[in-house]
Amino acid sequence: MFGDTENVLKAAQLLQGDGIDLGRIKESIKMMLEAFGEDAGRDGLLNTPDRVSRMYVELLEGYRMDPVGMVNNAIFDVEYDQMVIVRDVEFYSMCEHHMLPFIGRAHVAYIPDGKVIGLSKIPRIIEMFARRLQVQERMTSQIADFMNELLRPKGVAVVVEALHLCSMIRGVKKHDARMTTSAVHGSFRTNMATRMEFLDSISRAAEPLHI
Ligand SMILES: [Zn+2]
């Protein structure tokens, strides 16, 4: 299957511990409502602490996914050494500075060195890193590093484009707060033609990013 389970797990950068403490989130949200000056007991807010705490379980589930189980049956030995590109994978993440969403698309490419991964797994890998408190730059590198450990390909490249709500709705209110980040390894780093082929492919006719 894949190379070194220990390194793959390390590259997944999971959190230890028992998982999210729902009780403490509930208490904290109630305290926040009170700190806003709201009546935390009124109808519309009564169940908000509970709803928000359960929401975070979902939004932050990437910290505790099982990456080995996730990819185990989907890595295949194949003699194929051309570029594989999966583009326009939608994701939702949370900026760790403001705990507001950033939303966008990720494009992943790699050049296999004997191993390929089932296409449906790449969105799962992206989700594993998106569903955390993140900065876009780190998320981009984590996806590339994980692919690199998992497949040991000849090269891997990840480009992420996202809109950040924290820039759109507060501060300077840049309504088009789009950011693009990239991470490249192996032949995508060393070979300009390879890199250009990937960039050219992802630049073609996608709907503009919007929320
Ligand atoms: Zn932010």
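## Close-up views of a predicted model

At 32% relative accessibility, Arg138 counts as partly exposed. The model shown here, as in every view below, is predicted. Glu96 is also partly exposed, because its relative accessibility is 32%, and this class lies between under 20% for buried and over 50% for exposed. Which residue does Arg138 form a salt bridge with? The partner is Glu96, and the closest N and O atoms are 2.6 Å apart. Side chains of opposite charge can pair when their charged atoms come close.

**A salt-bridge network joins Lys26, Asp50 and Arg54.** Salt bridges that share partners link these residues into one network. How many salt bridges are there in the count? The count comes to 11.

**Asp77 and Lys115 form a salt bridge.** Their closest N and O atoms are 3.0 Å apart. Asp77 is in strand 1, and Lys115 is in strand 4 (residues 115–117). The pair links distant parts of the chain, 38 residues apart. Is Asp77 buried or exposed? Asp77 is exposed, because its relative accessible area is 62% and the cut-off for exposed is over 50%. Lys115 has a relative accessible area of 21%, so Lys115 is partly exposed. Buried would mean under 20%.

**Asp88 has a positive phi and a charged partner.** Asp88 lies in strand 2 (residues 84–95). Its phi is near 60°, a positive value in a residue other than glycine. Most residues other than glycine have a negative phi. Asp88 also forms a salt bridge with Arg87. Here the closest N and O atoms are 2.8 Å apart. Asp88 has a relative accessible area of 26%, so Asp88 counts as partly exposed. Arg87 is partly exposed too, with a relative accessible area of 26%.

**Phe91 is buried in strand 2.** Look for Phe91 in strand 2. Why does Phe91 count as buried? Its relative accessibility is 3%, and buried means under 20%. Now find Glu127. Phe91 and Glu127 are 36 residues apart in sequence. In space they are 6.6 Å apart, C-alpha to C-alpha.

**Phe76, Val78 and Tyr80 make a nonpolar surface patch.** The patch covers about 250 Å². Phe76 is placed in strand 1 (residues 75–77). Phe76 counts as partly exposed, because its relative accessibility is 41%.

**The largest pocket has a volume of about 240 Å³.** Rolling a probe the size of a water molecule over the atoms shows where empty space is left. The lining residues are Arg24, Ile25, Ser28, Ile29, Met32, Leu33, Phe36, Val52, Tyr56 and Met99. Which helix gives the most to the lining? Helix 2 does, with seven residues. Helix 2 spans 22–36. Helix 4 (48–59) also supplies at least two residues. What kinds of residue line the pocket? Eight are nonpolar, one is polar and one is charged.

Met99 has 41% relative accessibility, so Met99 counts as partly exposed.

**The whole chain, for orientation.** The chain holds 10 helices and seven strands. Its C-alpha trace spans about 65 × 40 × 20 Å along its principal axes. The chain has 211 residues, and 42% of them count as buried. Phe91 is one of the buried residues.

Key:
Residues numbered from 1 in each chain as written. Predicted model: local features only at pLDDT ≥ 70, side-chain atom pairs only at ≥ 80, totals over all residues. Heavy atoms only, no water. 1 Å grid on protein atoms, 1.4 Å probe; cavity = no way out; pocket = protein on both sides within 12 Å on 5 of 7 lines; lining within 4 Å. Points joined across faces, edges and corners; volume = space filled by probe spheres on them. Helix = DSSP H or I, 4+ residues; strand = E, 2+ residues; numbered from the N terminus. Nonpolar A, V, L, I, M, F, W, Y, C, P; charged D, E, K, R; others polar. Patch = residues over 30% accessible without salt bridge, like charges linked within 9 Å, V, L, I, M, F, W, Y side chains within 5 Å. Areas by Shrake-Rupley, 256 points an atom, 1.4 Å probe, with all protein chains shown as cover. Salt bridge = Lys/Arg side-chain N within 4 Å of Asp/Glu carboxyl O. Buried < 20%, exposed > 50% of the residue type's maximum accessible area, 1.4 Å probe, protein only.
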